Each structure stands twice: as C-alpha cells, then as structure tokens.
Amino acid sequence: MSTKITWHGHSAFTLETAKHKIVIDPFFTDNPANTTPIENIEADFILLTHGHGDHVGDVVSLAKRTNALVISIAEIAMWLGQHGVKNTHGQNIGGSYKHPFGEVKLTIAHHSSALPDGSNGGDPAGLLLTLDEGKLYHAGDTGLFLDMQLIGEEGIDVAILPIGDNYTMGIKDAVRAVKFVQPKIAIPTHYNTWPVIQADPEQWAALVKQETKAKPVVIPPGGSWVWE
Ligand code: NI
Ligand code: MN
C-alpha cells in the first residue's frame, strides 16, 4: 500500500490512497502557485484546517461537483451546509472519528479562522490522519506551540509544517516544530505563494537535517512524493 502526496502550492495537498482521493485545503483557482485546473481535481473526501479563503478556496464548488464528504470543524461544516454543501462531517478539537480512508483527529492550531464572508469559522485546526501507511500531521496555519510534543507522542511518520512566516511559523520555528513533533519525514508548506511569505525551503531542509533526526522532503508545487 502507498499514498501519493501531491502539493498544489500553499496549503493544498492531494492524498491518493489505494482506494480514495483526499484533498486538504482545496485552494486552486486563486492560488498563484497551483498548476492544476480545478476541473481536473477529483475528491472523495475534502479536509479543511480552517476558514480563511486561502484554505477553504474552491471547497463549495468542488464539494458540489464531486459530492465528496467535507470534514472540518463544526462551525465550518454548518457554514458549508448553508451554502448548499450537503455532505459534511463536523468534528472539534481533540476529537477523532474513523472515516472510510482512516481516522481524522483535529488538533489545536494557534491562528484565526474567519470565513471569507466574515462568518465565524470556529477554532483553527491541524489534522492528524491515521492512514494505512501510518500517521500524518498537517499542522494547518499555526505558530509554534509546545503542545506539539503531545502530537509527537502519538508517533508521527509524516509532518506537514508551514515555514512561510508572517501568518504562520517561519523557518526557525518550523525547525523547532520538527524537534517537538519528531516525525520521520517533514514536508514544508505555506510559503512562496506571495512575496509576504517568501521562504527558502532548502534553508529549512538543511537545518532540519543538521539539527533533527527527521528527513526533510521538499516537494515542488505540482510535484508529488510517494509514501510507502
Ligand atoms: Ni489562515
Ligand atoms: Mn493561510
């Protein structure tokens, strides 16, 4: 079994397992780093970290076209319902649920989460996924927090961490995050979409190699890494 992880730039990822297509933070149309037309994106499940426009992105149209189940914090699930998305599953921080592709637990993230129309998006979240291959932690948008150690205690195989600074952790804190989470593989995200979050992923990767036991994997926008 293997899962193909594709980065579409910014915070958007596609996970293709043997049976399911899972899209995280479907920001395609207005994403300057994305190269895949939204029409080519298929989804069985859509996972959202929080309510900001650069994360919910195309969720309403993609969910309606694919009838994918959208999994998010409860407030965003309710908001999607008000926008005609029927297939939703609301969770909340610390709660796990077994979905057909694996378990999803929402973790804390230190950020904000208003929806694009100003509606309350509840608390921002990170995603802790248990798939056939192991555990994947997508931190969402967040600053560094010490409780990442608690997430690390679960035994993380792959951690996806923001490095772009300004809105989230920057390079230095994202290296400290690797030390807290102790993943086998660390993948950078949320950088170089716009000038304000410009960051050199190779600089981060070099520090991760130097200071931690994790293997950094830098995926170019539109590129993939296969998790076996
Ligand atoms: Ni955000
Ligand atoms: Mn963001």
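**Exercise 1.** In this predicted model, find which residues of helix α6 are buried, and what they pack against.

*Solution.* 
- Step 1: Helix α6 covers residues 201-211, and its buried residues are Pro201, Trp204, Ala205 and Val208.
- Step 2: Look down the axis of α6: these buried residues fall within an arc of 100°, so they line one face of the helix.
- Step 3: Here is the general rule behind such patterns: an α-helix has 3.6 residues a turn, so residues three or four places apart point the same way.
- Step 4: The partners of the buried residues of α6 are α5 (171-181), β12 (185-189) and β13 (215-216).
- Step 5: Finally, check the start of α6, where a side-chain oxygen of Asp200 comes within 2.9 Å of the backbone nitrogen of Glu202.

**Exercise 2.** Work out which protein atoms are donors to the nickel ion (ligand 1), and where the donors His111 and Asp141 sit in the chain.

*Solution.* 
- Step 1: The protein donors are His50 (NE2), His52 (ND1), His111 (NE2) and Asp141 (OD), at 2.2 to 2.3 Å from the nickel ion.
- Step 2: Angles among the four donor atoms run from 87 to 176°, and the site is irregular.
- Step 3: Asp141 also bridges to the manganese ion (ligand 2), with 3.1 Å between the two metal ions.
- Step 4: Compare their accessibility. His111 has 26% relative accessibility and so counts as partly exposed, whereas Asp141 has 2% and is buried.

**Exercise 3.** Decide whether Thr49 and His55 are buried or exposed, then find a side-chain polar contact for each.

*Solution.* 
- Step 1: Locate them. Thr49 is in the loop between β4 (45-47) and α1 (53-56), and His55 belongs to helix α1.
- Step 2: Buried means under 20% relative accessible area. Thr49, at 1%, is therefore buried, and His55, at 0%, is buried too.
- Step 3: The side chain of Thr49 makes a polar contact of 2.8 Å with that of Asp25. For His55, the side-chain partner is Asp141, at 2.9 Å.
- Step 4: Look at the surroundings. Beyond its sequence neighbours within four places, Thr49 has contacts that include Asp25, His55 and Pro124. Counted likewise, His55 touches residues including Asp25, Thr49 and Asp141.

Definitions and conventions. Residues are numbered from 1 along each chain as its sequence is written. Chains are lettered from A and ligands numbered from 1 in the order in which they are written. This is a predicted model: local features need pLDDT of at least 70, side-chain atom pairs count only at pLDDT 80 or more; totals for chains, interfaces and linings use all residues. Side-chain values use heavy atoms; hydrogens and water are left out. Buried means under 20% relative accessible area, exposed over 50%, partly exposed in between (1.4 Å probe, protein chains only). Helices (H or I, at least four residues) and strands (E, at least two) are DSSP runs, numbered from the N terminus. The arc is that of the directions from the helix axis to the C-beta atoms. Contact means heavy atoms within 4.5 Å. A polar contact is a pair of N or O atoms within 3.5 Å; within protein, one must be able to donate a hydrogen and the other to accept it, and residues adjacent in sequence count only if both atoms are side-chain atoms. Donors are N, O and S atoms within 2.8 Å of the metal (3.2 Å for Na, K and Ca); water is not among the atoms, so sites may look incomplete. Four donors count as tetrahedral if all angles lie between 85 and 135 degrees; four count as square planar and six as octahedral if opposite donors are over 155 degrees apart and all others between 65 and 115; anything else is irregular.
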